[in-house]
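Biologist: I want to learn how to read a sheet and an interface from a model. Can you take me through one?

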Amino acid sequence: MSKLIVLLKKDFTAELRSKDIVLTMLLFVLLVIVTFSFAFEPGSIEVGVLAPGMLWISFVFAGVLGLLRSFVNEQQNDCLLGLMLCPVDRGVVYLGKALGNIIFMLAVEAVTLPVFALLLNFDIWRFLPAIAVIFSLCTVGYAAVGTLFSAMAITMRSRELMLPLLQFPISVPLIIAAVKATGGILAGQTLAEVSGWLKLVGAFDVIFLTVSFLIFEYAIAE
Amino acid sequence: MGKASVVEAVGLSKQFGHFIALHPLDLQLGSGEFLSIFGPNGAGKTTLLKVLATLMKPSSGQVRILGLDPSEDGIAVRRQISLVSHSTFLYENLTAYENLLFYGRMYEVENLPKRIAEVFEEVGLTSRQRDLVGSFSDGMQRRLSIARAFLHRPRLLLLDEPYVGLDPEAAHNLGKVLAGLHDGERSLIMTTHNISRGLELCDRAAILVGGRLVYDEVRSAISADDFEATYLAAQHQARAVRPPRRFDGGGP
């Protein structure tokens, strides 16, 4: 546990100084939201129907950018090899990176939602507790898969192409569940009513966190 | 295996697909011993160090580091070894102090602030410890990477061509640091092309050519001139027996 915190602290210190990961994701998400605000009449019924798709499209693509950036820092000076040399289970290195990515993605989502509500004149506040639960669960799963694949893709020449190619097919069930659960909540359903989707997301999180923890060492070997 | 053996490799080999990076080789290193391994580019020096550093698994053979099997006790092995590579393993957007603090915590170094101050003193970077590593010259980064490597007082230090890219003054300073590390308690394996630097500090010298350990002798039995001739002859012999590279994409 203490090594996990050490890894997290290192990533936070580096990120606070460079702001590479959060700024990259935030700029992309805001650009998408602003573009959508031009395309749809703020406050219209369309916005409520399309909001889940708009939000998750922007978070999914921004996530790819952020996940890659988190390993670009590790690739510089072969720092990832330095981590592999440390006397710690390599799965813990994975968990440290995944946890950092989850927190960075959640921070971007927390900033984006008010901007979305403001620009599209959409009352998201009354759904906030349920939205927070859904976004947290889905972000965990997305970052769990993305951290593993970005560690693998970072050494490839076409990493910007490879990461989505590796990640999206695996993440399809998660993205569908995220959009459906968010759509249900924005349509007035309760968390209990979208619990089927949430169970799917929960299972996805547990399976991919566990599998990634176990195979991380082999995924980045040699 | 003798009690004093720090490294014992028997029949160690490493293969990448059809390419044999290391042919089966035996290697022993005693406690406090300094072994210099010489070899041209592509000889398998880095691969050998990566296997010993637990970064790669051997394709065949057995390796024991400090009496432990790296495939079973990887964490225990890594706690007692360190690798200085071509890369520094340093985060450029952290300060020198933050880098050592991070690695020190990962290795659970006791009295960490005091130990960090000691290693900064040893590599002559005390005045720059609060500066970002990204602002350091290559030589300073190399010195800091050495500091990172011996921060946790490893019993086995693996050095992969540590003199590469250093100016004469930085190389001289590195030589002094390595001489200080050769204290009889720590064992060192250094790979290098540089014959004079390599022979200067070692107790034993070996030559690795084409993935084969073709020479291994104690330093006291080696004259620098003879060694250079032996090294060049081994290199030429390896070139002569190596099949010509094909240009049809079929590999070596």
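**The sheet of chain B**

Modeller: This is a predicted model. In chain B, three strands make an open sheet, ordered β2-β1-β4, with antiparallel pairing. The edge strands are β2 (19–30) and β4 (60–65) of chain B, and each of them pairs on one side only. From one strand to the next, the twist averages 15°.

Biologist: What holds strands together in general, and over how many bridges do β1(B) and β2(B) pair?

Modeller: Strands of a sheet pair through backbone hydrogen bonds, in a parallel or an antiparallel sense. Here β1(B) and β2(B) are antiparallel over eight bridges. Take F16(B): its bridge partner in β2(B) is F19(B). S5(B) stands opposite G30(B), also a residue of β2(B).

Biologist: How many residues lie between β1(B) and β2(B) in the hairpin?

Modeller: Two residues lie between these strands. G17(B), in the turn, has a positive phi of about 60°.

Biologist: And over how many bridges does β1(B) pair with β4(B)?

Modeller: Five bridges, again antiparallel. One facing pair is A9(B) and V63(B), the latter in β4(B).

Biologist: Which strands does helix α1 of chain B touch?

Modeller: Helix α1 (residues 45–52) packs on the sheet and touches β1, β2 and β4 of chain B. Its direction makes about 60° with that of β2(B).

**The interface**

Biologist: Now the contact between chains. How is its size expressed?

Modeller: The size of an interface is often given as the accessible area lost when the parts come together. For chain B and chain A, the buried area is about 2700 Å². Carbon and sulfur atoms give 61% of that area. The contact takes 30 residues from chain B and 28 residues from chain A.

Biologist: How many salt bridges cross the interface of chain B and chain A?

Modeller: The rule finds two. In a salt bridge at 3.0 Å, N to O, the side chain of K3(A) meets that of E108(B). Polar contacts between chain B and chain A come to 15 residue pairs, with both residues at pLDDT 80 or more.

Biologist: Which elements of chain B give two or more residues to the side that touches chain A?

Modeller: They are β1 (5–16), α2 (74–80) and α3 (96–106) of chain B. The largest share, five residues, comes from α3(B).

Biologist: How do the residues on that side of chain B divide into nonpolar, polar and charged?

Modeller: There are 15 nonpolar, six polar and nine charged residues on the side of chain B that touches chain A.

Notes: Residues numbered from 1 in each chain as written. Chains lettered and ligands numbered in written order. Predicted model: local features only at pLDDT ≥ 70, side-chain atom pairs only at ≥ 80, totals over all residues. Heavy atoms only, no water. Contact = heavy atoms within 4.5 Å. Buried area = accessible area lost by both parts, 1.4 Å probe. Salt bridge = Lys/Arg side-chain N within 4 Å of Asp/Glu carboxyl O. Polar contact = N/O pair within 3.5 Å; in protein donor to acceptor, adjacent residues only side chain to side chain. Helix = DSSP H or I, 4+ residues; strand = E, 2+ residues; numbered from the N terminus. Nonpolar A, V, L, I, M, F, W, Y, C, P; charged D, E, K, R; others polar. Pairing = 2+ DSSP bridges. Axes fitted to C-alpha atoms, helices over the stretch in contact; angles between N-to-C directions.
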